[in-house]
Amino acid sequence: AKASFTCKNLCSACFSRLLLFFSLQTFEKLLIANRGEIACRVIKTCKKMGIKTVAIHSDVDANAVHVKMADEAVCVGPAPTSKSYLNMDAIMEVIRKTRAQAVHPGYGFLSENKEFARRLASEGVTFIGPDTHAIQAMGDKIESKLLAKNAKVNTIPGFDGVVKDADEAVRIAREIGYPVMIKASAGGGGKGMRIAWDDEETREGFRFSSQEAASSFGDDRLLIEKFIDNPRHIEIQVLADKHGNALWLNERECSIQRRNQKVVEEAPSTFLDPETRRAMGEQAVALAKAVKYSSAGTVEFLVDSSKNFYFLEMNTRLQVRKTTLQIQENLLTEKIYSHKPSYARLCSSEPLHSTQVRVDSGIQQGSDISIYYDPMISKLITYGSNRAEALKRMEEALDNYVIRGVAHNISLLREVIVHPRFVQGDISTKFLPEVYPDGFKGHKLTDHERRQLLATAASLYVAEQLRSQRFLGTPRIPIAKSKRSSWELSVHLGDGIYPVAVSKDGSSFSVEVDGMKLNVTSEWNLASPLLSVTIDGTQRTIQYKLQILTKVAAELSKYMPEKAAEDTSSILRSPMPGTVVAVSVKPGDMVSEGQEICVIEAMKMQNSMIAAKTGKVKAVHCKAGDTVGEEDLLVELE
């Protein structure tokens, strides 16, 4: 048998074909036990291979993109994952009814669930992934760590068993020595993970991690190990067949993380030398062979500043960001997220595509961003013959990516890739908290950038006003000839109000800001979601929110009454849409400042809501199981 691939880098489509080629089987119909971006990728690959597809979905995903793309689609339950995408009985019933011959689990959900793989095997259905014994061995972090030790793979010091309760967690943490990492044995993707620096944080971390693990993976077992402070997170790709052959295919650095979830990845790593890379690859292969692994997988390591590396876990599945197997070119991948849960609908999504820029997404204009699932909007991938070229393409792609209707993290991603530390390769898993200790507040404009922005906004406003005076290229009222060529405007940017004077000269505008004149030119295609402008010879693509008023409107606006700020010390509102997991108080209870009032789960993460002051509970407006929206009133204090 012979496989043929045309990609210089092995893309996801060719990679999926390679996995199916390794199985030496062909299927007429395949069910995808997943949703979103990964389901769409698998369906695209199946279409290229002539394989019919079956999509499963929850009731809130009835109009999702993967449902529309598949040949067949079946609802497996309501929105909560435990009743839909983790509902094995319902999924097995769909497999029987549709006569699917194989199942692709994607990533997350049931992708590393040994019971699911066993049930498929018992009914003669092929599981696109490794054998059941490898899933059991590597999918369980406790067992995988023991196997890694036996395979002479470097491991992190810690407790090699299941933690029974919070008291035992505290005892183990003290024995290991703080700080420690509490994490789900069956987990991944940053879910069910907490860092604890003392006994109190250990107890709290045990509670939240076990609840998140049960919600995300249907398994609340936890382990505890030493937390390696300020490491790099580097993964090795492995590929193995059923004949004992295995190889490693270089690395991805995933050190830029938020809440233990990878945000930016690149290959190759700027940190590894050839010797360390080879040693990590050889240990990854040794581990794969030790468990008789077959299929694709990822072995994750933590690497300290001295290039000592430690086994973290092995993902026995398609990796979330597995967009390519790196061979020659530099690769940069970012995950574009809705940065907080939302019931909002995506108004528009306009990514930039080219031969060196790729976008993987499972949504489209009009898609709902639900509170029930991972908030990823898309993955943006750029390639380059060197790192600088890949970074430049990423910068341009982010500048040209338009998302409306939901909050997102594009501005953060752009700030990261142009930050001097990132450009120099001086990164670790602590990068974001170190660079933005108070959280990311958005791009800080320099005076020069502020003037350029004000001039562009004012020019755009005037161009729109002039266009509104015309109809199909002619004046709306032919007898009314306007000779106006200058405008005095007021631009509201942040907390500031800036006077701007605009004059028109052909297709260009001369704008006076802060006593300085700037020349702004563009094609002024106001129908486009993006507008490229040239300011004093410098090309800019700008996306920003601001308000523009005429001079008269600005003078009158000061008479508008301002809404009084709400006293938030006596009330607790939900900061995001989600589900109330627990309520710890009732009317009449006394609470102390910082005391937990309730817990809200959003996008599989649990968030503790605390009292802003000491006082008596006046009223409780929620109960466990309630679905709440952003700014919904939860609790009132007297």
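Student: In which loop does Pro179 lie?

Tutor: Pro179 lies in the loop between α8 (166–176) and β8 (180–184). Helices here are DSSP runs of H or I with at least four residues, strands are runs of E with at least two, and both are numbered from the N terminus. This is a predicted model: local features need pLDDT of at least 70, side-chain atom pairs count only at pLDDT 80 or more, and totals for chains, interfaces and linings use all residues. Residues are numbered from 1 along each chain as its sequence is written, and side-chain values use heavy atoms, leaving out hydrogens and water.

Student: Is the peptide bond from Tyr178 to Pro179 cis or trans?

Tutor: It is cis, with omega near 0°. The bond from Ala267 to Pro268 is cis too, with omega near -5°. Pro268 sits in the loop between β13 (261–267) and α10 (274–290).

Student: Where does Arg99 lie, and what is its phi?

Tutor: Arg99 is in the loop between α4 (88–98) and β5 (102–104). Its phi is near 60°, positive in a residue other than glycine. Arg99 counts as exposed, at 70% relative accessibility. The classes are buried under 20% relative accessible area, exposed over 50% and partly exposed in between, with a 1.4 Å probe and protein chains only.

Student: Which element holds Asn250?

Tutor: Strand β12 (residues 246–258). Asn250 has a positive phi of about 70° without being a glycine. It is partly exposed, with a relative accessible area of 28%.

Student: How do strands of a sheet pair?

Tutor: They pair through backbone hydrogen bonds, parallel or antiparallel. The criterion for a pair is at least two bridges found by DSSP between the two strands. Val617 has Leu637 of β38 as its bridge partner.

Student: At what angle do the axes of α11 and α12 cross?

Tutor: An axis is a line fitted to C-alpha atoms, for helices over the stretch in contact, and angles run from 0 to 180 degrees between N-to-C directions. The axes of α11 (residues 387–399) and α12 (residues 410–418) come within 10 Å and cross at roughly 160°. The two helices are therefore roughly antiparallel, a class for angles over 145 degrees.

Student: Which residues of α11 make the contact?

Tutor: Leu391, Met394, Glu395, Leu398 and Asp399, facing Ile410, Leu413, Arg414, Ile417 and Val418 of α12. Contact means heavy atoms within 4.5 Å.

Conventions
Parallel < 35°, antiparallel > 145°, perpendicular 65-115°, else oblique.
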